[in-house]
Amino acid sequence: MKKNEPASPLKDDDALRSQPAQDASSSSYQPSGSEGSASAKGSSDLQRPVSSTSTVADPSSGSNSLISSMIADNPIFSGGLGLMVFGGAVAMLRRGVKVAASTAQRRLLISLEIPSKDRAHPWFLHWMAAQSRAQSMRERGLLGKPKKEGLVDFLGLRDRSGEQRPGSSSKGGVDNPLMIASSGSLVSPVRILSHELSVETNYTPHASASTSNAEERGKASFSLVPGPGTHWFRYRGVWMRLTRERDGKMVDLTTGAPWETVTLTTLFAYAHLFPQMLDEARQLALSSTEGKTVIYTSWGPEWRPFGQPRRTRELGSVVLGRGKKEAIVDDVKRFLERDRWYAERGIPYRRGYLLHGAPGSGKSSFITALAGHLDFNICLLNLSERGLTDDKLNHLLSNAPDRSILLLEDVDAAFLGRQQAAEDGYQASVTFSGLLNALDGVASGESRIIFMTTNHIERLDPALIRPGRVDMIAELGDAEEEQVVELMMRFYRTTMREMALKSLELPPAAIEAAKPLLTQAAEATDHASTEIAYKSLEAVAGLREAVEQTDARLSQLANEFGQIVVAEAQQRRAAVGLGLDGRPLAAPAPPASQSNPDATGASSTTDLQRALRPAPAASGGVSMAELQGLFIRFPDDPQAAAKAFMGENAWRRTPAGP
């Protein structure tokens, strides 16, 4: 009897795996030859018992092989691992690109920020609008197209900051918006690439009111300028990025406009182009107001332009008394040339002027003409403005725009002596002491010219008009005989000369040649320049004789009319109890025997106050504004104007019937 041997687990597993294989092989086909012997041999090997000394497999190695087989055989698991590795690599690469880009931007790029509070902000916006208009005009063929550029220039790899750009030609007399009128040069044209635009409308109303209702009563032009967003342009061969940002939550309290910031970005090597661009923008913006006078008014603590710039008024169009205009103009020019003289002597560099006289004497008109003559602007300040305090007044007077005249009109209406002039229960916040300190105090500004006007100088406190605050006082009174003659000659001389030219019945070619001669002759003001103008008229046959005769007739009529105006002024003054000079008649002094000895001190005090306060201006006569309105009513007939003046004044003196 054989001893039973224990069954090996490996042998049982092999037997179980080999048994189905053998059944499958036997049922399918019968091997022959070598295949059958090999199969038999293999089966005998599988059925051979395993020795007890054989090595058993490690459980840990089996688990590792199981995990490896799962990773290798599972496509979902192996694909997710690949995606995870790829995503991590892309994230690291993206972060590396961001870090590299940020480092390159800090090292290679430079940005310039222009906030809306800076003075350069409106200059740059004007430059940008002009560039947009010029670009639109070039696309329509109204301006000459710039020369073609190569790939190197297009990519901005060539710095052309030192080159002088030739001016592009215009067609049909079209004004180039990039032209600087003072120098006749052009700013560098650029092409702005933008998809975020805003509209800028320029509207010019018709000068004549005869346009029918069906027609548009003005001319409007629309320019598409870069709006808030990101834009690109190439300035002098260098690419730049323009970013306009508006903060809707922050607004300018003085204007209500949203806070805006303009940012320019370019390569660090081209940072020197920023000052050049801003200088071009400043010149272009200032040239747009050249030949015009900008009126500023106070908006809180700042000065803001009021309306559009006004056409400059000729200084010769304002007719004042003999020598008064020349004296004020010479004094202002002398002051502007002596800034070093003031500094060497420790004197504050400021000048004050007071113009007083009857209403309509030309005070405001002269200041406007003087500002245009000196190429200055005007800062108009109302002392009775609501919200104006002593601090704001001092700040405004100390921070006026460059080359500006500060104008305080009707200062007598703001203060009655040292008290505020209340009107309808309203009382201004500016005190008399604050006004004095702003004019001539420790914190008052320098490098300024202040003009004050008043109709009643006798109402002003002596402290307000003392030297240092008011350095020159000029009276602009009613019309005098010389003023009447000059005003009439200035109004009708050109018109009468043109009528004389038409009466000669010259050929059309001679008439066209005579027009510029008459225009040049109209600019003559003194005797020497008039003689030169007469001599130039000899180029056209018979023109000089006709012009001289016309001027002689007009001069005789002007002299007669001047005498008529003086006589009328005397009658008006006598009717209201004024002297011939337009001032109140002096009351006779009481005899010494009738005077009260106890009132000696009071009378001396009154005499001192009268000596300190200036005498009132002449009044009661014919004002220059009245004569100017008369000549406007009769623009082509001086005789009709003179007859109307005499008839209307005679009718006024006629007593009314019962």
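Me: Is phenylalanine 561 buried or exposed?
Reply: Phenylalanine 561 counts as buried, because its relative accessibility is 1%. Buried means under 20% relative accessible area, exposed over 50%, and partly exposed in between, with a 1.4 Å probe and protein chains only. This is a predicted model, where local features need pLDDT of at least 70, side-chain atom pairs count only at pLDDT 80 or more, and totals for chains, interfaces and linings use all residues. Residues are numbered from 1 along each chain as its sequence is written, and side-chain values use heavy atoms, with hydrogens and water left out.

Me: OK. How many aromatic pairs does the structure hold?
Reply: The structure holds 13. Rings of Phe, Tyr and Trp (its six-membered ring) pair if their centres lie within 6.5 Å; planes under 30 degrees apart count as stacked, over 60 as edge-to-face and the rest as tilted.

Me: Why is the pair of phenylalanine 561 and phenylalanine 645 edge-to-face?
Reply: Their planes are at 75°, so the pair is edge-to-face, with ring centres 5.4 Å apart. Phenylalanine 561 lies in helix H17 (residues 543-575) and phenylalanine 645 in helix H20 (residues 638-653), so the pair ties together parts that are 84 residues apart in sequence. Helices (H or I, at least four residues) and strands (E, at least two) are DSSP runs, numbered from the N terminus.

Me: And phenylalanine 645, buried or exposed?
Reply: Buried, because its relative accessibility is 4%.

Me: Which residues do ring pairs link into a cluster?
Reply: Phe491, Tyr492, Phe561, Phe631 and Phe645.

Me: New topic. What sits over the ring of tryptophan 341?
Reply: The charged end of arginine 338, 4.1 Å from the ring centre. A charge sits over a ring if NZ of Lys or CZ of Arg is within 6 Å of the ring centre and within 35 degrees of the ring normal. Tryptophan 341 counts as partly exposed, at 31% relative accessibility.

Me: Now the sheet. In what order do the seven strands come?
Reply: The order is S12-S11-S15-S16-S19-S14-S20, in an open sheet with mixed pairing. Two strands pair if DSSP finds at least two bridges between them. Strand S12 (302-305) and strand S20 (472-475) are the edges, each pairing on one side only.

Me: How many bridges join S14 to S19?
Reply: Seven. Strand S14 covers residues 350-356, strand S19 covers residues 448-454, and the two run parallel. Arginine 351 has isoleucine 449 in S19 as its bridge partner.

Me: Which strands does helix H13 touch?
Reply: Helix H13 (residues 432-440) packs on the sheet and touches S14, S16 and S19. Contact means heavy atoms within 4.5 Å.

Definitions and conventions
Axes fitted to C-alpha atoms, helices over the stretch in contact; angles between N-to-C directions.
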